[in-house]
Amino acid sequence: MWIKILQLLLGAVAIYVLYFRWSRRKLFAVAARMEGPMDLPLIGCGYLFLGKSSPRAIGETLTKLFTRFRAPFAAWLGPYLVVVINKPEHCKALLNSNDNLERAHFYRFFDMENALLVCSGDKWRPKRKALNMSFTPVIVNKFVPIINEKSRKLLAALDDFVGGPERDIVMELCKFTLDNIFSTILPCHFDIRTSAEGQNYLVKAQSYLPLVTKRFFHAHHYSDFVYNRSKDGANFYEARNVVRSVSRSVLHTKAADDKLNPTLSEPLPAVGTNSKARGFLDILCSLAREGLHSMDGQALLDHLDEIIYTGFETSAVNIGHMLLMLAMHQDIQERVYQEVITVCPNPEADVTLEDINNLVYTEMAIKETLRLFPVISLFGRTLSVDLKIDDEYTLPKGTQVMISLQQMHRDPEIWGPNSNSFDPDHFLPDRAAERHPFAFLPFSAGPRNCIGYRYAWMLVRIVMAHLVRTYHFRTMLRMDQLDTSFSVLHKISNGCVVSIERRKPCSQR
C-alpha cells in the first residue's frame with residue numbers, strides 16, 4: 001500500500017515538473033543561454049540562502065552571486081525566473097518601457113497592495129498622475145523653512161554627543177527624517193521624539209524590511225498559507241501592525257471618514273484649494289471622497305504606510321552614509337565645509353534654495369555616496385510583454401527582471417579604475433557628460449521612478465549644510481572595514497559611527 005502511495009506521489013511530482021517546464025519553456029530557453037547558478041526543482045537557487053536570515057548574510061550571498069556571474073544572468077527563485085541586469089543600456093530598455101510597468105512579484109511581500117511601490121500598472125498610472133501634484137517644486141519648496149527648523153532640532157540632539165567617544169547616530173537621524181515627514185508631507189502633530197507610540201514605531205520598524213527581504217529569498221514562504229503560520233509571519237505582522245498604527249494615527253488626526261473605514265469616525269477634511277498642486281494627504285483624501293482610483297480606507301492606509309516608512313528610513317540611511325564618508329575622508333569633508341561657509345556662513349541663518357543650488361561640490365559628494373552605497377540597490381519588474389534588451393537577448397513575458405545598482409555603480413568600465421574609491425570628482429560635469437544617462441540611478445528612472453526624489457534631494461542638502469558648518473566629524477572606520485547588509489535597503493551595517501566636535505565660528509579660525 002505504502003509503495004503504491006509513494007508511486008502515486010512520485011508520478012504526481014513528475015507530471016507537475018513536466019507541466020512546469022512546458023508552461024515556462026520560453027523562460028527556460030532564455031535561461032539556458034545565460035550564466036547563472038545551478039537550480040534545483042521547486043526551490044531554484046533558493047538553497048544558496050538556506051540558513052541566511054540576517055540582512056548581512058543575505059547581502060553577502062547576493063554580492064557573491066553578482067560578482068560570480070556576468071550580467072545578464074539568470075536564476076530561478078521558486079517558480080520565478082529572475083534575470084539580473086547591470087548595464088546602462090539594459091536598464092534603459094527596461095525602465096523606459098511603458099508596456100512593462102508591473103513591479104516584480106516579490107514586492108507583494110510588503111503587504112501594501114494599493115501603494116505606488118507595489119500596485120499594478122493599470123492602478124498605478126492614475127494614482128501616480130494625481131499624487132505627482134503633491135511633489136511639484138511649488139509644494140516641495142514650501143518645506144524649506146520646516147526642514148531648517150527640524151535640522152536645528154537635530155543639531156540640538158547631537159550637541160549631547162559633542163566631545164564624547166564615537167557612537168552610532170543613525171537613530172537620531174531616523175528621528176529627524178521621520179519628524180520631517182510628519183511636519184511636511186503629512187502635516188500633523190505627532191511627537192516622534194518623546195511619545196511612546198513614536199519610540200515603539202522606530203524600534204519595530206527596524207524589523208519590518210529584514211523580514212520582507214528574508215521572504216524574498218526563501219521560496220517555501222511564498223505561500224501565504226505557510227507564511228502566515230510561521231514564526232517569521234507572526235513577527236512580520238507584529239511589525240506591520242505597528243507601522244499601520246501610525247498611519248491610523250495620522251488619519252485620526254486628519255479626521256478621516258467613517259464610511260471609508262469604520263474605525264475612523266469623523267468626516268474627511270476639506271481639500272482646501274482648487275490648485276492642482278496640493279498636499280499629499282489632501283490629494284489622497286480628495287480621491288477617497290470622490291471614489292476615484294479605488295481609493296478606499298485600506299488604500300489610504302497603504303499609501304500612508306508607504307510614504308512614512310520609505311520616506312524616513314531611506315533619507316536617514318542616506319544622511320548617515322554621507323556623514324560616515326566625510327568622517328573617513330577628512331580632505332573631502334574640509335572641501336565641503338569650505339564651500340558651505342562660503343555659500344551660507346551664518347550658522348544662525350536658514351539654508352535657502354539659492355544656497356543649496358550653489359553647493360556644487362557638496363552635491364557631488366552626496367552623489368558619490370549614493371553611487372557607492374545606493375540605498376535601493378536592487379529593484380525590478382515583472383515583464384508583461386516580451387522585452388528586447390539588446391541584439392542578443394529578448395526576455396519573455398513573465399520574467400522577473402532585477403537591476404543591480406550595487407554592481408553597475410561600481411563597474412570599472414563605467415567609473416574607471418578607482419570605481420571602489422570615494423571620489424566626488426566622478427561627478428565633475430565633463431565626466432558626467434561622458435557617461436550613459438542610465439549609469440547612475442539612485443532614484444530609479446523612467447515612469448516608475450521615486451515620486452519623492454525632489455523632496456529627498458532637497459532635504460539631504462539642507463541638513464548636510466547645517467551639519468557640516470556646525471560640526472566636525474571623525475571616525476576610526478576605514479573603507480576596507482565596512483560591511484554592508486541587504487534588507488531591501490542597502491546599508492552600511494557598521495552604522496554611522498562617528499565622534500563629533502563643534503566647529504569654531506569663522507572669526508575664530
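Predicted model: local features only at pLDDT ≥ 70, side-chain atom pairs only at ≥ 80, totals over all residues.

Trainee: Which residues line the second largest cavity?

Mentor: They are Ser315, Asn318, Met322, Ile366, Thr369, Leu370, Phe443, Ala456, Trp457 and Val460. Helix H13 (297-328), helix H16 (360-372) and H20 each supply at least two residues of that lining.

Trainee: How do you know that the second largest cavity belongs in a search for cavities of 30 Å³ or more?

Mentor: Its volume is about 90 Å³, and the search of the whole structure, with its limit of 30 Å³ or more, finds 4 cavities.

Trainee: What span is expected for helix H20 at 1.5 Å a residue?

Mentor: The expected span is 26 Å. Helix H20 (residues 453-470) has 18 residues, and from its first C-alpha to its last it reaches 26 Å, close to that expectation.

Trainee: What makes H20 mostly covered?

Mentor: Count its residues: 16 of the 18 are buried, and buried means under 20% relative accessible area.

Trainee: Why is Asn114 called buried?

Mentor: Set the value against the cut-off: Asn114 has 10% relative accessibility, and buried means under 20%, so Asn114 counts as buried.

Trainee: Where is Asn114, and what is it in contact with?

Mentor: Asn114 lies in the loop between strand E3 (102-103) and helix H5 (121-131). Leaving aside neighbours within four places in sequence, Asn114 is in contact with Cys119, Lys127, Gln298, Ala299, Asp302 and His303.

Notes
Residues numbered from 1 in each chain as written. Heavy atoms only, no water. Helix = DSSP H or I, 4+ residues; strand = E, 2+ residues; numbered from the N terminus. Expected span 1.5 Å × (residues − 1). Buried < 20%, exposed > 50% of the residue type's maximum accessible area, 1.4 Å probe, protein only. Contact = heavy atoms within 4.5 Å. 1 Å grid on protein atoms, 1.4 Å probe; cavity = no way out; pocket = protein on both sides within 12 Å on 5 of 7 lines; lining within 4 Å. Points joined across faces, edges and corners; volume = space filled by probe spheres on them.
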